[in-house]
Amino acid sequence: MRRLPAIVAVTALAGIGLVGCSASTGAAGSACTAPTADPRAAEAVSVSGEVGTQPDVQVRSPFLPSARSVETVVTGDGERITQPDQLVLLDLTVYNGVTGERIVGSRYDGNLANAQPLSGWDQTFPDFSSAMLCATEGSRVVVSLPYDSVGPQAAQGLQIPEGGSAVVVADVERVYLPAADGADQFTAGFGLPTVVRATNGQPGVTIPDGEAPTEVSVQTLKKGDGPELTADATARVHVLGVAWNDRQQFATTWGQAPIAAPPSQMPEEIGAALAGQTVGSQVLVVVPADQTAADQQAFRAPADTALVYVFDIIGVDD
């Protein structure tokens, strides 16, 4: 599998300069079990202030939890986090549980360019993504971490001594869909590829025998009820690309950060196929072999073959 070039967004952690991401799986839109909340943690940590702004936090120190505790102090009514690799924008502030002092925090500027797969935070705090499962957009979550849950690398960077603890206040600023969740649509295209989906919504493609179409073919497989994409709005899109001739995958963003680009900056046929589609939709696009010059540059697609794309539109930035 080839890596995607610059059209695929690579995002950084907001406020804390440690970067990384990993792939995970889960059921798209599945029910989730909220992490455990320890009543003692709620007594030791008090938080006030508006979500999306620097919180006012008081830690009754020394606070040394024996196990990780997760408490939602403000519950938002937006999209829910159901998968570790779901694209999110979090703002975090970290406190020393022993001294109660603030260590580091995000800018709280709402910059959507800093959105990244939730699992990227696991490179900072081991298994932090599991603490945020079930949280909804607009929520504020307090995660209390004993030393073993902080991890030695993060503890060293945050100057938390062995045996100490950390308190992380996480604001869930934006949650993107994990996969297209729109209504299935009837399609009547004869001789076009068939799309199948894993339990987490990740698509796969079965290409039929026979010649590829000689004109661009576009099918809306799922129709979402979210906002409509305009040509110049920054779309968040997962893509799977497969070559018609050899059935080989040449591009995917699944398990990585999705594309973040306006349709007008994508290859012409793809931009035209996505503009006007709605968030939550899944779109199949087949580009004939003689029209793939731009795809070879944007997606490093192979030459001399028709290209099959499946796009999941998981969000659009304001």
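Is Glu 137 buried, exposed or partly exposed? Select Glu 137: the residue is partly exposed, with a relative accessible area of 24%. The cut-offs use a 1.4 Å probe and protein chains only: buried is under 20% relative accessible area, exposed is over 50%, and partly exposed lies in between.

Some ground rules for the tour. This is a predicted model, where local features need pLDDT of at least 70, side-chain atom pairs count only at pLDDT 80 or more, and totals for chains, interfaces and linings use all residues. Residues are numbered from 1 along each chain as its sequence is written, and side-chain values use heavy atoms, with hydrogens and water left out.

**Stop one: Arg 174 and Glu 137**

Arg 174 and Glu 137 form a salt bridge (a side-chain nitrogen of Lys or Arg within 4 Å of a carboxyl oxygen of Asp or Glu), with their closest N and O atoms 4.0 Å apart. Arg 174 sits in strand E8 (residues 165-175) and Glu 137 in the loop between helix H2 (128-132) and strand E7 (140-146), so the bridge links parts 37 residues apart in sequence. Helices (H or I, at least four residues) and strands (E, at least two) are DSSP runs, numbered from the N terminus. Arg 174 is buried, at 15%.

**Stop two: Asp 171 and Arg 140**

Select Asp 171 and Arg 140. Their side chains form a salt bridge, 2.6 Å from N to O. Asp 171 is in strand E8 and Arg 140 in strand E7, so parts 31 residues apart in sequence are tied together. Both residues are buried.

**Stop three: Arg 236 and Asp 317**

Now select Arg 236 and Asp 317, a salt bridge at 3.1 Å, N to O. Arg 236 is buried at 3% relative accessibility. Asp 317 is buried too, at 13%.
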